[in-house]
Each structure stands twice: as C-alpha cells, then as structure tokens.
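Colleague: Could you take me through the ligand site in this one? I'd like a close look at what sits around it.

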Amino acid sequence: MGAIEANSLIKEFDGLRAVDDVSFKIEEGEIFGFLGPNGAGKTTTTRMITGVIRPDSGTATIEGVDVVQNPTAAKEKIGIAPEEANAYLDLTARGNMNLAGEIYGVPGRELRGKVDELLDIFGLLDRADSKVKGFSKGMKQRLILAMALINDPGILFLDEPTAGLDVESRRLIKDQVKKLNEVGKTIFLTTHDIAEADRLCDRVAVINRGNIAAIDSPEKLKATIRSTQSILVSFDSMNFEAADLETLKGVEELEKEGDKWRLYGPNPGEIIEEVVSFAKEEGLKILSLNTSGPSLEETFTHLTKN
Amino acid sequence: MYYPASLRKSIAIAKKDLRIYYGKGPVVIFGILLPFFFFFSFLIGREMPPLTLISGLGGMAIWFTATSISPIIAPMETRTRTLERLVSMPLSVTEMLIGDILASTVTGVVLSAIPISIIAVILNLNLVHFFPLALGIIVASFCFSAIGILLSALPTDTTSDVMMLALLIKFPLIFVSGVFIPASNLPGWGRIISRFSPLTYFVDLVRVSFGGSGQSWMNVGILTLFAVFFLFAAVFVHKRTLPKRL
Ligand SMILES: Nc1ncnc2c1ncn2[C@@H]1O[C@H](COP(=O)(O)OP(=O)(O)OP(=O)(O)O)[C@@H](O)[C@H]1O
Ligand SMILES: [Mg+2]
C-alpha cells in the first residue's frame with residue numbers, strides 16, 4: 001500500500017480533458033515532485049486526490065482510504081496548501097489557525113501550544129494577533145502552510161508553495177519541506193521551479209496535457225537525453241588557435257562562453273583527457289574544468305514540447 | 001451523515017461566520033433598520049391593534065435578520081477563495097451549512113427577541129405562552145436562516161446576484177404572511193399562499209403567545225417541519241452546485 005495512489009484519474013471540463021488517465025503510486029516518506037507546463041492538469045489532479053473535486057472516473061487512495069468513498073477519513077490524514085486558496089483576511093493569523101484546528105479536531109488544550117509552535121516555525125508568531133488583511137503574499141503563503149500542518153498530517157500536498165515569493169520565504173519553505181520529510185512525512189510537491197524539484201525530490205512526474213509523460217528519479221530522467229553533455233574549461237591565456245579545440249577527439253561542437261570554452265560530446269571523460277594533453281602541448285594552465293550533464297529543465301522541455 | 005464530531009465542526013464554522021460576516025453593514029441595514037422603517041411607514045396614520053403590531057413587527061424582525069447574511073456567505077467565500085480552503089479540510093457540506101445556519105440563527109434570535117420584548121413592554125402586553133414563543137423564535141430563526149442558505153446555492157461569486165434573488169422572495173412573502181394584514185383578511189388565493197409561508201406561522205405564534213386566540217404549539221410544530229424541509233433542501237442543492245464554485 002502506497003501513501004498516495006492515483007488510478008486512472010480522468011476529469012473533463014466542458015468537454016476538454018484536463019486530466020486523462022493519470023496513475024501513479026507514491027511511497028511513504030517520498031518527496032514526489034509534480035511538474036508540468038501551465039494548464040497541464042497538475043492542480044486538477046491534486047484536487048482529485050485530495051477530495052476537493054470528484055474525478056469523472058478513476059480512484060485515488062490516501063494510505064489505502066478511498067478519497068471518493070470516504071473523503072472525511074482521507075482528508076484527516078493529509079495537510080493541503082492549495083494553489084489559490086486563501087486564509088480569512090478578516091481573521092487574525094491565530095484565528096485562522098484555530099478555525100483549522102477546530103475543524104481537524106485538535107483537542108482544545110493542545111491547540112494553543114500547537115498554533116504558537118507552527119506560527120513560530122513559519123516566522124509569524126510576532127504577527128499572530130494581526131488580521132491577515134495586512135499580510136504580505138509571502139506571509140499569507142506561510143500561514144497557509146502552517147494551517148496545513150495543524151493536524152500533524154503524515155502526508156502533505158503543496159501546490160506551488162513558493163510561487164511568487166522572495167528568496168528568503170522560498171528558502172524558509174524549502175527548509176521546512178526538507179525537515180518535514182526527514183521526520184517521515186510524505187510530500188507531494190507541485191512546482192514550476194525545476195531546479196528546486198531536482199534538488200528536493202526523490203522522484204518526479206512530468207505531466208503534459210493531462211497525461212503523465214514520465215515518472216522517475218531526476219537523475220534517471222536526465223539520463224534519457226544524453227546528447228547535451230558537455231565540459232566547460234578555462235585557461236590562463238587565450239594564446240592558442242581556438243579552432244584546434246574543436247578538432248580534439250570526441251568533440252562535436254565548440255562554444256565560447258565569456259572567458260570559458262564549452263565542448264559538447266557524448267563522452268565527457270574522453271574529452272577531459274584530450275583537453276589536458278592539449279593544454280600541456282600548448283603550455284597552457286587550466287584554471288577551471290567542469291562537466292555538466294543535461295539539466296532537468298532540458299529533460300522537461302524535451303518531454304513537454306508539443 | 002451528521003456525527004457527534006460534526007457539531008464541533010459546525011460550531012467552528014459558526015464562530016468564524018459570526019466574527020467575519022455579522023456585525024458588518026448589511027446586517028444593520030437590511031436586518032434592523034430596513035424592517036423597522038418599512039413597518040413604521042406602513043403604520044403611519046393607521047390604527048393597529050397591539051397584537052397585530054407586535055406579531056407583525058416580530059415577524060419582520062426575525063425574517064429580515066435571519067435572511068440578511070445567510071444568503072451571501074457562500075458567494076463571498078467563493079469570491080475570496082476561502083471556500084477551497086474549507087473544502088480541503090475534513091468538513092462535509094452538511095456540517096458547513098449547519099454551521100452557517102447556526103450563526104444566522106443566533107443573530108436572528110437575538111435581533112428578534114429584543115424588539116419583541118421592547119414592544120411588549122411599551123404596549124404593556126402580557127406574555128401568556130413563554131416556552132412556545134421562546135422555542136418558536138429559535139426554530140423560526142433556524143428555518144429562515146436555512147431559506148437564506150438555500151438561496152445562496154446559486155453558484156455565483158457575486159453577492160448582488162443572490163441579494164437580488166433574496167429580495168424577490170423576501171418582500172412578497174411579507175405581504176402574504178399576516179405581517180401587515182392578518183392572514184384571515186386576505187382574499188382566497190392569498191390565504192392559500194399564506195399557508196405555504198413559514199413566516200405565517202411565526203406571526204401567528206407571536207399573536208397567540210401574547211393572548212390571541214389559537215394554538216401556540218401547533219405553530220411551533222409546523223415551523224419545525226418547515227425548518228427540517230429547508231435544511232434538507234439547502235444541503236441537497238448545495239451538494240450539486242458546490243463543485244461549480246471551485
Ligand atoms: N474549474 C474549471 N473549469 C473549467 N476548466 C478548468 C477548471 N479547472 C481547470 N480547468 C482547465 O483544466 C486544465 C488544467 O488546469 P490545471 O489548473 O489543473 O492546470 P495546472 O497544471 O495546475 O496549471 P498551472 O501551472 O497554471 O497551475 C486547464 O486547461 C484549465 O483551463
Ligand atoms: Mg496549478
């Protein structure tokens with residue numbers, strides 16, 4: 001039994017298939033990234049799995065509990081930070097937290113301590129008794145996350161939790177996601193920040209036009225497109241024939257990037273050896289040398305073009 | 001289904017509603033001032049028996065206060081996107097709507113009990129049936145709140161859409177419910193329509209409670225049936241229209 005399972009989920013809006021036969025299984029303790037271009041069906045899929053909307057067909061389960069058959073029991077196991085939902089602007093941060101706590105059934109004597117603890121973690125404790133009306137976007141988003149954690153859920157759904165936030169808020173949220181995962185929580189993370197997904201996620205799914213295009217670990221996904229491997233090198237002087245670099249064995253293409261040279265080829269190891277002996281022959285000193293594989297972003301672009 | 005834990009959730013919703021939506025302009029304007037001005041402008045230059053006066057004013061007060069905010073909670077929550085926040089939590093449509101109805105009921109009870117008491121003192125009326133009236137005020141307030149909630153099932157995020165619909169029902173109902181003219185003085189068709197208006201039974205209850213002739217508990221019983229009916233109707237319709245709001 002996985003922590004989250006989606007089986008052949010389908011949802012249409014006015015004849016348009018927003019989600020077309022989506023299935024996946026997420027194990028307990030995973031950080032699962034859900035990537036896809038705008039309108040791909042990420043939010044619709046998330047809403048179906050979390051019991052906010054009903055799928056036209058297919059099922060979703062949370063720790064084995066069917067979301068459509070038994071929405072309340074399923075929702076009690078999860079915390080959700082929806083993409084576009086808001087806290088109540090006319091309530092204070094604490095008022096919003098208390099509302100969530102009372103609905104989730106957090107016992108009254110624990111609630112106050114719990115609320116203080118969560119507001120503190122998300123840097124909102126000093127504003128606990130201010131109305132949310134006066135909060136910045138980042139503060140509202142942090143409050144939404146704090147509300148999602150009020151019932152200490154084993155599974156968290158975060159739909160673009162860092163969209164539009166500044167560096168500091170983003171880091172705070174990312175650090176929290178990592179910490180929550182370290183204590184065993186399963187995290188379903190929808191994001192447009194592919195570099196972030198690459199760093200955080202155990203596995204990612206790429207969804208495009210309502211279909212899952214690929215599901216795998218970031219490294220394995222990158223390996224599916226090998227063509228764009230390259231090495232980046234810089235020398236202490238520019239005193240050599242640049243064209244000679246291109247004639248080295250295994251180099252398919254050469255590009256100048258500022259004071260550095262990028263050499264493309266299918267086998268970066270071989271190119272490195274060639275570059276080192278070239279430098280010796282020419283009496284050049286290597287200042288820096290890096291290899292870079294395809295980024296997850298390139299894989300993403302490849303999977304989602306047309 | 002409504003479980004024991006459901007009441008806790010409904011009360012949380014009701015507290016939220018009372019904090020956010022009540023005590024704002026519309027309650028004061030549509031709930032308190034409007035019915036009073038409306039009623040007194042009708043009164044001017046007319047001789048009205050005290051029982052007709054207190055039952056009419058009491059009926060106006062409870063009808064307008066219980067339906068002042070209840071219809072606009074749903075469109076407001078749609079507009080501000082707090083609805084999705086609520087729907088993501090373990091909260092059923094029934095639990096949410098009962099919470100909204102409870103908040104509105106509390107407002108209706110307070111804002112009708114006060115004017116009824118004041119008028120009773122001014123006119124020096126004797127309260128003959130206390131318990132039926134007290135229970136009747138609670139049940140009627142619940143019933144009218146449920147009507148307000150039912151109207152808000154219109155899947156819109158624009159409060160004025162619902163307000164318009166509510167006004168179309170709120171004013172005509174006043175005229176067939178014995179508020180201005182005793183139901184027994186209405187023409188034949190009017191009397192038939194008045195039987196289908198729950199407000200008729202509340203107005204009659206107030207009249208009987210202060211010594212008029214009639215059956216007080218019978219009115220409470222009929223109001224209870226109406227309350228149950230409108231509660232079920234509201235839940236039934238909202239379950240169908242809620243997905244269109246998300
Ligand atoms: N309530 C709705 N009514 C009509 N169409 C909808 C509704 N919700 C989503 N859609 C459509 O379904 C498709 C998928 O939308 P969805 O919000 O799931 O995309 P997304 O992947 O979350 O995009 P984004 O990255 O922009 O958040 C879109 O074409 C969208 O227009
Ligand atoms: Mg989305």
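This is a predicted model: local features need pLDDT of at least 70, side-chain atom pairs count only at pLDDT 80 or more; totals for chains, interfaces and linings use all residues.

Modeller: Residues from chains A and B surround the ligand, so the site is shared between chains. The shell has 15 residues, and the ones that come nearest are A:Gly39, A:Lys42, A:Thr43, A:Thr44 and A:His192. By type, the shell splits into 6 nonpolar, 6 polar and 3 charged residues.

Now the polar atoms. A:Lys42 puts a side-chain N or O atom 2.7 Å from an oxygen of ligand 1. With A:Gly41 it's a backbone N or O atom, 3.0 Å from a ligand oxygen, and A:Glu160 has a polar side-chain atom 3.4 Å from an oxygen of the ligand. On its own, ligand 1 has 630 Å² of accessible area, and the protein covers 67% of that. Strand S2 (16–26) and helix H1 (42–49) of chain A are the elements giving two or more residues to the shell, with H1(A) supplying the largest share, 3 residues.

As for how the two chains meet, 23 residues of chain B contact 24 of chain A. About 2,400 Å² is buried between them, 62% of it from carbon and sulfur atoms. The rule also finds 3 salt bridges across this interface; one of them pairs the side chains of B:Lys15 and A:Glu102 at 3.1 Å, N to O. On the side of chain B that touches chain A, H1(B) gives the largest share, 8 residues, and the residues there divide into 10 nonpolar, 3 polar and 10 charged.

Methods. Residues are numbered from 1 along each chain as its sequence is written. Chains are lettered from A and ligands numbered from 1 in the order in which they are written. Side-chain values use heavy atoms; hydrogens and water are left out. Contact means heavy atoms within 4.5 Å. Buried area is the accessible area (1.4 Å probe) that two parts lose on being put together, summed over both. A salt bridge is a side-chain nitrogen of Lys or Arg within 4 Å of a carboxyl oxygen of Asp or Glu. Helices (H or I, at least four residues) and strands (E, at least two) are DSSP runs, numbered from the N terminus. Ala, Val, Leu, Ile, Met, Phe, Trp, Tyr, Cys and Pro count as nonpolar, Asp, Glu, Lys and Arg as charged, and the others, Gly among them, as polar. A residue is near a molecule or strand if one of its heavy atoms lies within 4 Å of it. A polar contact is a pair of N or O atoms within 3.5 Å; within protein, one must be able to donate a hydrogen and the other to accept it, and residues adjacent in sequence count only if both atoms are side-chain atoms. Accessible areas come from the Shrake-Rupley method with a 1.4 Å probe; for residues, only the protein chains shown count as cover.
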